[in-house]
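Visitor: Please show me the structure, and then let us go through it by question and answer.

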Number of protein chains: 2
Amino acid sequence: MDCVSQTMNEFELIARLSASLPTNASVVVGAGDDCAVIDAGMPDRWLLFKTDAVVEGIHFDQDTPAEKVGHKALARCLSDIAAMAGAPTCALVTIGLPREFDVARVETIYTGINSLAAKYQVAIVGGETTTNPERILISISMLGSVAKGKATLRSGAQPKDAIFVTGNLGGSLTGRHLEFEPRLEEARWLAEHFAIHAMMDISDGLAGDLRHILQASKVGAELLADAIPISREAKLAARVNPTGKPALVAALSDGEDFELLFTVASRDAVPLLDAWKKQYPDLPLSCIGKITGETNLTIRDKLGARALGVHGYDHFQKP
Amino acid sequence: MDCVSQTMNEFELIARLSASLPTNASVVVGAGDDCAVIDAGMPDRWLLFKTDAVVEGIHFDQDTPAEKVGHKALARCLSDIAAMAGAPTCALVTIGLPREFDVARVETIYTGINSLAAKYQVAIVGGETTTNPERILISISMLGSVAKGKATLRSGAQPKDAIFVTGNLGGSLTGRHLEFEPRLEEARWLAEHFAIHAMMDISDGLAGDLRHILQASKVGAELLADAIPISREAKLAARVNPTGKPALVAALSDGEDFELLFTVASRDAVPLLDAWKKQYPDLPLSCIGKITGETNLTIRDKLGARALGVHGYDHFQKP
């Protein structure tokens, strides 16, 4: 081997691989956003196209209830459709299995997939089984659509925008990552009622994912430490283990929250908060900071503003 | 474990998992054909949607040239689009990698994918990298399209149809499986010029795959042993190892040929052969038998007709 991954993380690898991908006239948005956006010839709509995989031992364990494995596998894809303010249409399920596998477990994984699919009127239109000798791997491909020109991309954030996040962050791996509800309805409501400048779902942690919006939009951001909504699980974990990860750090860096992260013009911030409270009284919406004309990410607390060095979850990075 | 796969092969598992999949009004053809067919609202066309995975140690080896690994991964999906007489549009590439991997090898796999994609004007619009600790796994999702009503399904074979196959069969694993050209152009030419009743690509072996057409169409078939086109590789292997697999058995049962298998009304058989020879003088086209009103598969040689007991390649079956 010339070169192994010890010197390269997931995002560097993706950047290298994405540098020279073939394209064609149908591509509205290619690699690098939550979904690819394709103009397939529908009069009023664009296609959304996404794939996402979960792997045993990485995203779930051998003793994770099978129905939750299936729920999570599909919900991750649906969360990416939500991030574009789209509607899901259909999915293909690829499952890699050891040569000997528990048929009942595989069927129950499908029960989890199918019941979530039925809830959102998503058709499961096939897929395949293949052999992956050491562990179960589930890769789901998803098609959706969005009105032409209405996909909420990562690249639209503008200086002075207010930054919002739904829900509470951190500690998802204690259980929420297996049960979360994709924010499909909320995202479509947002895009229908407000001019959303940029949006994505948080899968790798707030700090890391916000960087993707900043890079795509060529802007910076200042977060307000006191405004970050911290989950009960993250607070509890910090109380139980006072020498471990502080709750704010968990909220900034833990993966698998699958909440919506988006920006709107600052003048829309208060009307949005008011309208949201009426529409979704049970789901928190927090204004956590603002977009800046710089290209760095800072966080402000009572000691002042400082660079935010907390990276998001990165599959290949050593702990 | 209640129940392991020793009693269940890949096709039985797929049949169980496919029994109760959620669907919706956009689905023209769901699980069970070469691609799913979706009416996404394009005025004149249907979408084709397909996913296919290759796994290190199963579909390629650690010492398989990386560019050929990429070529094969994408060509398999393109072959499924061909089987529907469709045109490919774009693809997403999911790659599962060990925590330490050879970056140059991964980049060269992408070179193989990208150069084949460029050849057929397929855009690579993203995908993802994930961790699969023990081996590389590549899953490609493909979108294509076909004129409404013109997708060539497995379910249209009719009694008395002539059965055709392109190319020569068997022995693909000696090298052809890494270099084959998807029959995209040939399939579209066929569908434009003749009423193709049923079509699929041969991935699991002629005998096994023909059974899929027979089951979907609720018909039977009689093959002519002398008409099966046997590859040079299969003939050579049988000569080198006279006690091994006879060349005809290899042509009937070896996987990964990726040739087109299709049926047309018997009256079209001779005009088709004539037109094909003019259009594709370098690619054999063979009439290998006929569809029958029974539901069994037989093969006729100089000793008479007998049941064809040769099954196609099945990933989970023990050798």
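**Loops, sheet, core and contacts**

Guide: Glu256(B) is found in the loop of chain B between α7 (247-253) and β10 (260-264), where helices (H or I, at least four residues) and strands (E, at least two) are DSSP runs numbered from the N terminus. This is a predicted model, in which local features need pLDDT of at least 70 and side-chain atom pairs count only at pLDDT 80 or more, whereas totals for chains, interfaces and linings use all residues. Residues are numbered from 1 along each chain as its sequence is written, and chains are lettered from A and ligands numbered from 1 in the order in which they are written.

Visitor: Is Glu256(B) buried or exposed?

Guide: A residue is buried if 20 or more other C-beta atoms, placed from the backbone, lie within 10 Å of its own, exposed if 12 or fewer, and partly exposed in between. Glu256(B) has 20 C-beta neighbours inside 10 Å, and therefore counts as buried.

Visitor: What is the phi of Phe258(A), which is not a glycine?

Guide: Most residues other than glycine have a negative phi. Phe258(A) lies in the loop between α7 (247-253) and β10 (260-264) of chain A, and is buried, with 25 other C-beta atoms within 10 Å. Although Phe258(A) is not a glycine, its phi is positive, at about 55°.

Visitor: In what order do the six strands of the open sheet in chain A run?

Guide: Strands count as paired if DSSP finds at least two bridges between them. One such pair is β2 (residues 36-38) with β3 (residues 45-55) of chain A, antiparallel over three bridges, and there Ile38(A) stands opposite Leu47(A) in β3(A). The pairing in the open sheet is mixed, and the order is β1-β2-β3-β6-β4-β5.

Visitor: At about what angle to β3(A) does helix α2 of chain A run?

Guide: Axes here are lines fitted to C-alpha atoms, for helices over the stretch in contact, with angles from 0 to 180 degrees between N-to-C directions. Helix α2 (residues 66-83) lies across β3, β4 (87-97) and β6 (137-147) of chain A, and its angle to β3(A) is about 145°.

Visitor: Which residues have the most contacts inside the largest nonpolar core?

Guide: A nonpolar core is a set of buried Ala, Val, Leu, Ile, Met, Phe, Trp, Tyr and Cys residues joined through C-beta atoms within 7 Å. The largest one has 208 residues, and those with the most contacts inside it are Phe49(A), Ala91(A), Phe49(B) and Ala91(B).

Visitor: Which residues of chain B does Gly96(A) touch?

Guide: Gly96(A) lies in strand β4 of chain A and counts as buried, with 27 C-beta neighbours inside 10 Å. Two residues are in contact if their C-beta atoms, placed from the backbone, lie within 7 Å. Leaving aside residues up to four places away in sequence, Gly96(A) touches residues of chain A including Thr130(A) and Leu137(A), and from chain B it touches Ala53(B), Val55(B) and Leu137(B).

Visitor: Which element gives the most to the side of chain B that touches chain A?

Guide: The contact joins 71 residues of chain B to 71 residues of chain A. Elements of chain B that each supply at least two residues to that side include α1 (10-17), α3 (103-119) and β5 (123-131). With nine residues, the element that gives the most is β5(B).
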